[in-house]
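Please keep the sequence and the structure at hand while reading.

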Amino acid sequence: MTEIAIRGLTKTFGQVRAVEGLTFDVPAGRVTGFLGPNGAGKTTTLRMALGLVRPTGGEVLIDGRRYEELPRPRQIVGALMEATGFHPARRGRDHLRILAQVTGVTDARVDEVLDQVGLTQAAERRVKGYSLGMRQRLGLAAALLGDPQVLLLDEPGNGLDPKGMAWLRTLLRRLAAEGRTVLVSSHVLSEIAQTVDRVVIINRGRLRFAGPLFELGGTAAALEAAFLRLTDGDEAAPETGTPGEDHLALKESAR
């Protein structure tokens, strides 16, 4: 099974260190929540994983290789970074057909993913008439086109109503149950607590926690309390890959 290994990942933009020495694993067959305040470095980390930003140091390995070294990257990694980049006058199905040619899959796969994300009835509508939630679903369909073993999703629930959030939760857990590696970034802690098996929390580009959700108590309230504690203030983060005092205290309080 395909896993993600992040080792000493660092990114500096001028004088700003956006990501500093991140080291953690994202196992296959699990949904991992990737959490942190605005500006914590989550999106930069995901962009480095996809080869869109060059790391200053360290690396992200997917199945032991960097993204640019993967033989058919779109069939190994599916990504949703933001629900934009759609031509407003293009129909949903046509948008996916164009991507299918780049990905190397057939039009039959387009119909499969449209059904998978619940857009079959809207497939012939122009994207300019889609709601934000529908555009999110179209972005998810694009991520799933290559039937990838790894999914990197940045705020996939943005714009979804409660029914859509419940649908997304079921979809992500089913994909993980099939053996896929799912890394999802979100600010909706209550939804994360119902969806993920593991949690990675970063703050100011540094690792604050990486481990099973149950170590933080397993509930939305416990996750929120841990998140606020681990991301509060300006104190130095624990050494990357090594549980700090906050991490150990949280584990004790969850017992």
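Predicted model: local features only at pLDDT ≥ 70, side-chain atom pairs only at ≥ 80, totals over all residues.

**Helix packing, cores and burial**

Helix H3 passes helix H4 in a right-handed crossing.

**H3 and H4**

- Helix H3, which spans residues 92–103, packs against helix H4, residues 107–116, at an angle of about 130°, and their axes are 9 Å apart.
- Angles of 65 to 115 degrees count as roughly perpendicular and those over 145 as roughly antiparallel, and H3 and H4 are therefore oblique to each other.
- On the H3 side the contact is made by Arg93, Leu96, Arg97 and Ala100, while H4 contributes Asp107, Val110, Asp111, Val113 and Leu114.
- Sorted by class, the residues of this contact between H3 and H4 comprise five nonpolar and four charged ones, with no polar residue.

**H5 and H6**

- The axes of helix H5 (residues 132–144) and helix H6 cross at roughly 10° and come within 13 Å.
- Because angles under 35 degrees count as roughly parallel, that makes H5 roughly parallel to H6.
- Here Arg137, Leu140 and Leu144 of H5 meet Gly164, Trp167, Leu168 and Leu175 of H6.
- The contact of H5 with H6 has five nonpolar residues, one polar residue and one charged residue.

**Nonpolar cores**

- The largest nonpolar core has 47 residues, and those with the most contacts inside it are Leu35, Leu96, Leu119, Val199, Ile201 and Leu223.
- Helix H6, residues 162–177, supplies the largest share of this core, with seven residues.
- Apart from this core lies another one, of 28 residues, which includes Leu9, Val19, Leu50 and Leu70.
- Leu96, listed among the residues with the most contacts inside the largest core, also belongs to the H3 side of the contact with H4.
- When neighbours within four places in sequence are left aside, Leu223 is in contact with Leu35, Leu189, Ile192, Ala193, Val199, Leu213 and Leu216.

**Helix H1**

- Six of the eight residues of helix H1 (residues 42–49) are buried, so this helix is largely enclosed by the rest of the structure.
- The buried residues in H1 are Lys42, Thr44, Thr45, Leu46, Met48 and Ala49.
- Helix H1 is followed by Gly51, which has a positive phi, near 75°.

Technical notes:
Residues numbered from 1 in each chain as written. Heavy atoms only, no water. Buried < 20%, exposed > 50% of the residue type's maximum accessible area, 1.4 Å probe, protein only. Helix = DSSP H or I, 4+ residues; strand = E, 2+ residues; numbered from the N terminus. Core = buried A, V, L, I, M, F, W, Y, C linked by side-chain atoms within 4.5 Å. Contact = heavy atoms within 4.5 Å. Axes fitted to C-alpha atoms, helices over the stretch in contact; angles between N-to-C directions. Left-handed = near helix turned anticlockwise from the far one by under 90°. Nonpolar A, V, L, I, M, F, W, Y, C, P; charged D, E, K, R; others polar.
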